[in-house]
Amino acid sequence: MNNKNNNDPSPTSHVAVTPSSCKFTHKFSGLSVWLEPDPSQTTSLMNEMEHLSQKCGGVEAGMHGFVPHCTLLYNTSLLPLDDDDGICDGKVDERQRRQEGEKLLRECIQAYQQQAYQEQQEQQHQQQHQQQQRTESRQRNINLTPTSHLYFPYPKSADEGRGFGCCISLLMLDCNDDLRGLFELVKRMFPRDERHGVTTTSEGDVDGSTNNNTMEVKFQPHMALVYAPENHENVMNGWLEEYTTQMEREKRCASWCRSVGSAVVESSNESTSWRAKYLSLWSTEGTIDEWCAIAKIDLEI
């Protein structure tokens, strides 16, 4: 893939050779609920993710590709089913897991749409529209709007030993009312995950701040662009941090949003966000290459 950048701060233009010891081998846990942008809008984003992956060692360094996404829940599970549903020794087969996942995802989307419809009704009454519209047929999009680039070291020692042992180039997203509303519904309908519905006493937020008071972990929507091994050459020499800082200076994410496919949109109404397309449930057990989709539901059901 040709994705060279003339402003690349790398000291050399080649991809660094990866020693066998410089490999991202973290084993993730449980199930994750993702919100995925429309694939037709993310070509530029995916090109940049591939570029970062190659600069940090590629597949040989454990940098396997993954779908762009905003994680709503990480390391959650499915509710236990009754014996009549075919559970053997507490385990659910793949078909049952997919069915249960789809059921929960649909319930989340339907609850969100019902909530959005009620809010539209209230706004309609407040504004006293003379022309009645069929608000029940209108879809309210959830926008994934990037706000900033952030370099985030996440060593194994972080979060009481739950760190990933990598450095992450993050794309922070606006926590708009629609996104937060969907997150709250998903959090309520799925079993408690590793990050939310729990308390913390001294852990840092994604932005590096800490709070010594017991509090629920804050929802900070973001997309990970790359999970780079912390001992890789282009991490240790500062390249990834500087490159992320440069992307932030240039607000490069804005150009990714203005791209549709490989063409840049030229319009006075340039897009500043991606449209959320799918609510999905993934098995995130093991290394990145072991992740697999269990269920995926179009938000416009």
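## Notebook: a walk through the chain

I started at N47, which lies in helix α1. This is a predicted model, so I kept that in mind throughout. N47 came up partly exposed, with a relative accessible area of 26%. I then looked across to W256, 209 residues away along the chain, and found the C-alpha atoms of N47 and W256 separated by 9.6 Å.

**Overall tally**

I counted up the secondary structure next: the chain has seven helices and 12 strands. It has 301 residues, and 46% of them count as buried. I also looked up how far apart contacting residues sit in sequence. Among the contacts with a separation of 6 or more, 75% are between residues 24 or more positions apart.

**Helices α1 and α6**

Back to helix α1, which covers residues 43–55, and its packing against helix α6, residues 239–250. How do α1 and α6 run relative to each other? Their angle is about 160°, and the axes are 11 Å apart. That is over 145 degrees, so I noted α1 and α6 as roughly antiparallel. I jotted down who makes the contact: E48, H51, L52 and K55 from α1, and W239, L240, Y243 and M247 from α6. The crossing of these two helices, α1 and α6, is right-handed.

L240 got an entry of its own. Leaving out residues up to four places away in sequence, L240 touches L52, C56, Y151, C167, S169, V226, A228, N234 and V235.

**The largest nonpolar core**

Which residues touch the most other members of the largest nonpolar core? I found L35, L72, F190, Y227, L240 and L279, out of 69 residues in that core. Strand β5, residues 166–173, gives the most to this core, with seven residues.

L72 is in strand β2, residues 70–76. Is L72 buried or exposed? Its relative accessible area is 0%, so L72 is buried. Beyond residues up to four places away in sequence, L72 touches V33, L35, L179, L182, F183, V186, D193, H196, F219 and L279. I checked D193 from that list: L72 and D193 are 121 residues apart in sequence, and 9.5 Å apart from C-alpha to C-alpha.

**E36, a buried glutamate**

With a relative accessible area of 3%, E36 is under the 20% cut-off, so I wrote E36 down as buried. What does the E36 side chain pair with in a polar contact? I found the side chain of S280, at 2.6 Å. S280 is also one of the residues E36 touches, setting aside those up to four places away in sequence; others on the list are V67, P68, H69, L144, R275, A276, K277, Y278, W282 and K296.

Last stop, helix α3, residues 158–161, where I looked up D159. E160 is in helix α3 too. Most residues other than glycine have a negative phi, I reminded myself. D159 has a positive phi near 50° and is not a glycine. E160 is not a glycine either, and its phi is positive at about 55°.

Notes. Residues numbered from 1 in each chain as written. Predicted model: local features only at pLDDT ≥ 70, side-chain atom pairs only at ≥ 80, totals over all residues. Heavy atoms only, no water. Buried < 20%, exposed > 50% of the residue type's maximum accessible area, 1.4 Å probe, protein only. Polar contact = N/O pair within 3.5 Å; in protein donor to acceptor, adjacent residues only side chain to side chain. Contact = heavy atoms within 4.5 Å. Core = buried A, V, L, I, M, F, W, Y, C linked by side-chain atoms within 4.5 Å. Helix = DSSP H or I, 4+ residues; strand = E, 2+ residues; numbered from the N terminus. Axes fitted to C-alpha atoms, helices over the stretch in contact; angles between N-to-C directions. Parallel < 35°, antiparallel > 145°, perpendicular 65-115°, else oblique. Left-handed = near helix turned anticlockwise from the far one by under 90°.
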